Amino acid sequence: MDRDFLNEIWLQFETEAMEHCTSSEDLLLDANLNASEETNIDSLFRAFHSLKGLFGTVGLDQTLELTHLVEDVIDKIRSREMLLNNQIRGVLLKCVDVLKNVISSSSQEREEIVDENLYIVKQLIVSIKTTDFHVDDNLKNIERKDLGDPFSVSDKSDRFATVDLESLDFLFNKAGLVYSHVNVLKRMTKLNMEDAQFIENVDKLIDTLQTEVSSLNQSITDLRLVSVNSLIRRLKRDVFETSTNLDKNVEFSVTGDNERADRTIINALSSALMHLLRNSVDHGIEKNEERGQKGNGKIFLDFSKEKDGLLIKVSDDGKGLDRKRIEEKLRQLELLSDDDIRKLSDTQLYDFIFQPGFSTKSDVSETSGRGVGLDVVKKNISSLGGTINVVSDPGLGTKFLLKIPNIVSTEDCLVLSDLKTIYAIPTRSILWIRSVSHVDFQKHPTIRSIVHEKNIIPVHNAHDLFGNLAENVDELEEKIILINMNEKAFALSYKGKLTYSEHVFDEPDILVSKLPFVSGTTVDQDRNIIFRANLEKLFEINERAA
Amino acid sequence: MNKIKDRKVLIVDDSKLMRLLLKNIVDGMKFFSKIYEAENGKEALDLLELNKVDLILLDIEMPVMDGVEALKEIRLKHDVKVIIVSSLAQLGSSYSVKVKQLSADGVIDKPSGAVDPSLAAKRGNELRNMIKSLFD
């Protein structure tokens, strides 16, 4: 029998077995799964039954045995001999993890996984079936043994094709390049006025080309978009485990999970959302006895489309943020005077929970604490070019609002570092950079100017506009930078260090936005603040003068 | 007995893995000129409306329409030999009794065991012998 056929068999086995595993996981995480929902229990039973068949088919007899034990448990739940509680759910989910590990491993690793984990899980299952079932001890036992990260198992049943990110990036850049070349062409035809008919035809052609290329650009952008749905299973699992560990009854619901975002964003979002949800279970939702009449804690996760991005809401119906405790903490940290603290509005005060080292819980909890706070979440979100805010009503709950762009736009920039503050100019708006000695200046009585496309462009000194810091730059040659965007041009003279680097800029905050020429801020590796030059404002200088 | 070039077989199983394995076993016999596949009972019946087959390898547990339902229909409408290939078809199970009442021509367990190069030889012999005996 040939190798190809054997490979095909294994691949098919992996695909089918993984499908049954993920559907079992989904069913187990479904809050409505209990003895009264017979169809779901039946589906769960069928999934495990099929898994049993699959393991038998490929001769994984030990794994088959485990699956058989699980099937027995589900059968007991189905016949109402046993009640499905969160602890049993937890055990069954662990079983699914082990099965996933077995399925996705190579044949050698499989032996090891079976040796290490199968025995423990089997003991657990056996202990479920006995009357003196102490799942707590058993679960601790299994955690110590560490099954590995259940999420490291790749989802073979993912509906999205796996595309090499590198080639995607290549296409992405390529399309951008073609796009800008077309623009250059368009400009060139405007200069050539010899044959009107010819130019008209070329113009038409270019317009078509431009539409084609922009649609190409769009479809490639779309290729990079992934449904947020791919995050949901692990988030549900996380909420389930956190609430079980803390012994809180929590109902978790997700809406808008068909929205899509760039892959980079989806990947980066997962840890931020996981942290926020753990935070909601741990700090937002009260203990069962405190809730009393309010019943089960409710946590909502909602995705919706916004202009240019994604709006994510993480909310709970817990006790809300405690103004007094945050005030206390602020006093402790001695960040503000008592008077100032009292003057803060709720919104301003709540914003402090995103400060580093800010945790109102005196004992940093294992679950959501882990030594990091909401400041890390905020940093994560900002690095994506997004924002995070919190609103809270005492007694009603807390809501985190995240705004995330669909695409992380890193900008390739020319960085002018010998200024009072470092300024960056997006390179795609720069037409050329020349030493003064290579520039033909216009003979103009008062202002130094150059000629660009038959227009006279005055040269402005960067050090005057942005603030001077340069002291030892006398020996450096002065450079002229010609900025060109949307048919507008601006010439800048600058003496100092020039570098190229890629940056993701944040929206300027209230203080910075008062500065005349800033359209964004970021921080470089050496923690220097970099301002993105606001080109529109620069062009306005010339327009005002004209 | 039909000539080899006319003999056709239909494999009905919701698992593509199982269909692959059964196809491999049957293929090695050089006994059939054509192998059809269906994912469930309904698909099998639809296929039988248009194509005449001589043998059906039928799984029991399938979504949409299971093997027992399908067998009932097949017996009403078509003249074809049917072998039940299912892990539920073991002796003593209630399915096995049902299947016998519906007069399957043969009942056999699903092939299982280690996946290695001798796979088809090891697993397939029992099924192959059963198929041959049906057409002798």
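1. A:Asp247 is found in the loop that lies between helix 9 and strand 2 (250–255) of chain A. The model is a predicted one, and in it the phi angle of A:Asp247 is near 55°, a positive value in a residue other than glycine. A:Asp247 counts as exposed because it has 9 C-beta neighbours inside 10 Å, where 12 or fewer is the cut-off for that class.

2. A:Lys454 lies in the loop between strand 12 (449–452) and strand 13 of chain A. Phi of A:Lys454 is near 65°, again a positive value in a residue other than glycine. With 6 other C-beta atoms within 10 Å, A:Lys454 is likewise exposed.

3. Some totals give the setting for chain A. Its secondary structure comes to 17 helices and 18 strands. Of the 546 residues in chain A, 27% are buried. Where contacts in chain A join residues at least 6 apart in sequence, 67% of them link residues at least 24 apart.

4. The next point concerns a helix pair. Two packed helices are described by the angle between their axes and the distance between the axes. Helix 1 (residues 3–29) of chain A packs with helix 9 (residues 229–245) of chain A at an angle of about 45°, and their axes are 10 Å apart. That angle makes helix 1 of chain A oblique to helix 9 of chain A. The crossing of helix 1 and helix 9 of chain A is left-handed.

5. The residues at this crossing can be listed from both sides. Helix 1 of chain A contributes A:Glu25, A:Asp26 and A:Leu29 to the contact, while helix 9 of chain A contributes A:Arg233, A:Lys236, A:Arg237 and A:Phe240. Sorted by class, the contact between helix 1 and helix 9 of chain A has 5 charged residues, 2 nonpolar residues and no polar ones.

6. Chain A also holds an open sheet formed by 6 strands, in the order 10-14-15-13-12-11, with mixed pairing. Strand 10 (430–435) and strand 11 (441–442) of chain A each have a single partner strand and stand at the edges, so one side of each is left without a neighbour in the sheet. Within the sheet, strand 13 (residues 455–461) and strand 15 (residues 488–494) of chain A run parallel and are joined by 3 bridges. A:Asn461 has A:Ser493, in strand 15 of chain A, as its bridge partner.

7. Helix 17 (residues 535–545) of chain A packs on this sheet and touches strand 13, strand 14 (479–485) and strand 15 of chain A. The direction of helix 17 makes about 95° with that of strand 15 of chain A.

8. In chain B, strand 3 (residues 55–58) pairs with two strands described here. Strand 1 (residues 8–12) of chain B runs parallel to strand 3 of chain B and is joined to it by 4 bridges. B:Val12 has B:Leu58 of strand 3 as its bridge partner. Strand 3 and strand 4 (residues 81–85) of chain B also pair in the parallel sense, over 4 bridges, and B:Ile56 stands opposite B:Val82 in strand 4 of chain B.

9. Which way do the residues of strand 3 of chain B point, and are they buried or exposed? B:Leu55 and B:Leu57 point one way, B:Ile56 and B:Leu58 point the other way, and all are buried.

Terms used
Residues numbered from 1 in each chain as written. Chains lettered and ligands numbered in written order. Predicted model: local features only at pLDDT ≥ 70, side-chain atom pairs only at ≥ 80, totals over all residues. Axes fitted to C-alpha atoms, helices over the stretch in contact; angles between N-to-C directions. Parallel < 35°, antiparallel > 145°, perpendicular 65-115°, else oblique. Left-handed = near helix turned anticlockwise from the far one by under 90°. Contact = placed C-beta atoms within 7 Å. Nonpolar A, V, L, I, M, F, W, Y, C, P; charged D, E, K, R; others polar. Buried ≥ 20, exposed ≤ 12 C-beta atoms within 10 Å, placed from the backbone. Pairing = 2+ DSSP bridges.
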